[in-house]
Amino acid sequence: MFRYILYRLLAVIPVLFGVSIAVFFMVRLVPGDPIQIMFANQAAPSPERIAEMRHQLGLDLPIWKQYLQYIQGIAHGDFGQSIRSRQPVFDEIIERLPNTLRLTAASLVVAVVIGISTGVISAVFKGKWIDKVSMVIAILGISIPGFWLGLMMMLVFAVRLGWFPVSGAATWKHLVMPAFTLGLLSSAVIARLTRASMLDAMNQDYIRTARAKGLTETGVVVRHALRNALVPVVTIVGLQIGGLLSGAFIIESVFAYPGIGALAVTALQNRDFPMIQGIVLFVAVVYVGVNLIADLVYGLLDPRIRYS
Amino acid sequence: MSQATAPSPTTPAPMPLDMLESRRVVRSRSRVVLTRLRSNRLALVGVVIIAFLAFIAVFGPALAPHDPLEMTLAKQFMPPSREHWMGTDDFGRDILSRLMYGSRQSLMVGIVSITIGALVGMSIGLVSGYFGGRIDMASQRFIDIMLAFPDLLLALAIVAILGPSLVNVMIAVGIGSIPVYARLIRGQVLSLKEKEYVEAARASGARPGRIIFTHILPNSLSPLIVLASLGIASAILTGAALSFIGMGAQPPAPEWGAMLSSGRSYLRHEWWIATFPGLALTITAFGFNLLGDGLRDALDPRTQD
């Protein structure tokens, strides 16, 4: 197990290195002068201000020095300064982080509860109407654009029924609609996988043995089939966290929910490159971390993985 | 099939036996797949939806009841009626006509971006899997780095670099989908290149290019087709999402995501402006997902009869 963990940890290093290079070159790939682009939506800056910005961003140094400087900065939590708010990018991300984490966690709960229970019910009643209906709904679930589902929920539950506030993040009530929007979409993926995995598990010999022992059907399903079926589900749930994080980009801006996603969308619209770079790097590192954890948990649950 | 057993006199030269064999297998397999697909009701629903959309995309301009760009301020915010089936928007434009024109853009985003992703991904996967060694190492690390970004984030970052436009959205979504295809094809190649017929082709002196294109590629196409069909659905949704946040199609283009975005400000009273484009997107993605699912079941060798 130790070797497996070590191997997985070491494999992450070149990826993070590559991610940092990709994000570093992002701004340099933008056609045209980065400084001019940064000021595209504002009044033209004076030549002195341009020179100052160029120096401040280190654009007057050789490229490898620029990269080194960039990495050193990141190691000290310095992601640069937002062009729009003039605040340090890192501080703004950290300030918004709790909101996004809360939203991701809440939607993950929605996704896992609805996804796994639907998948199990479908598998148990394979071929019956309840299985067919829930699987069609699951396909529909992966076909609905999240931002539209969000707007429709807003229309019904906030505008018409008045149950929840339209936007913001002041109370738990503000969390309900964005969390359900995000969670419902990924529950569809989890439900489909749980169903397939359950059907696979239900065909195994140990299920026949459990039934032969005289266990109740619920006991067989929950204690024997589900436990084994959950192994691949854990991985997909890990991957879903990444999906939820990036899904949150759009959903947060639909509900004007003050998280990292809404921050990113505003930064994109303003071409605030230091902010975009900071968020892209931050989310990619979190995503790599989450995937690593999912991999390790997978290895822990299924020893066969470790040795292959 | 008759060609394989009794070559017609017009055939200039007999084909090599292995090629005939693989063609015969491909043809009879595609027949099995078609039969299975036809018996899958949900997949047929998908096909009907896609055919309908393609019809609208081609003939939309001739069928649309109004000009999608014509602004008539006197007709602003009209609810669905006999004259405007889906109502009018904030500029008095007919929503149904805009949706019909928009179907072209959505289908194009789906098809163009998946073509970019599949072609580039497939090339990387083929070369990387077939030649192995350093090329494989390098390209796999490159793919690892791309996979470190959740797909929407990758598309967002690329659009940020290229600037907002529908063409850039297609490029961004296309690049974002490269890793999945590269991984898939590489896996296929790795298992196929150990097969006896590939060994035989190599032993008989066939060049790598010939082996890849006549033996490996045709045999790894089925999972690619499934992935592409499902990929078109998600590419259309991602493209619409980018337009929704203003990074894709620019006004007054009748793009579904952008239409939805302009409708959100009027959600309280004029619900139809944001509702219909979303419905159109859902139905489109649903069609491709149903077809993709049906294809997967039909092509799955484990369910072969």
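**Figure 1. Where chain B meets chain A in this predicted model.** Here 34 residues of chain B are in contact with 38 residues of chain A. The largest share comes from α12(B), which supplies nine residues. Sort the chain B side by residue type and you get 25 nonpolar, four polar and five charged.

**Figure 2. Two helices crossing in chain A.** Zoom in on helix α7 (residues 146-160) and helix α8 (residues 172-202) of chain A: their axes come within 9 Å and cross at roughly 135 degrees. Because of that angle, α7(A) counts as oblique to α8(A). As for handedness, α7(A) passes α8(A) in a right-handed crossing.

**Figure 3. The residues where α7(A) and α8(A) touch.** From α7(A), look for A:Gly146, A:Leu149, A:Gly150, A:Met153, A:Met154, A:Phe157 and A:Ala158. Across from them, α8(A) brings A:Met177, A:Pro178, A:Phe180, A:Thr181, A:Leu182, A:Leu184 and A:Leu185. So what sort of residues make up this contact? They divide into 11 nonpolar and three polar, with no charged ones.

Figure 4. Residues 1-11 of chain B are another story, with pLDDT below 50. Beyond near neighbours in sequence, this stretch has six contacts in the model. For the model as a whole, the scores are ipTM 0.85 and pTM 0.86.

Methods:
Residues are numbered from 1 along each chain as its sequence is written. Chains are lettered from A and ligands numbered from 1 in the order in which they are written. This is a predicted model: local features need pLDDT of at least 70, side-chain atom pairs count only at pLDDT 80 or more; totals for chains, interfaces and linings use all residues. Axes are lines fitted to C-alpha atoms, for helices over the stretch in contact, and angles run from 0 to 180 degrees between N-to-C directions. Helices (H or I, at least four residues) and strands (E, at least two) are DSSP runs, numbered from the N terminus. Angles under 35 degrees count as roughly parallel, over 145 as roughly antiparallel, 65 to 115 as roughly perpendicular and the rest as oblique. A crossing is left-handed if the near helix is turned anticlockwise from the far one by less than a right angle, and right-handed if clockwise. Two residues are in contact if their C-beta atoms, placed from the backbone, lie within 7 Å. Ala, Val, Leu, Ile, Met, Phe, Trp, Tyr, Cys and Pro count as nonpolar, Asp, Glu, Lys and Arg as charged, and the others, Gly among them, as polar. pLDDT is the predictor's confidence in each residue, from 0 to 100.
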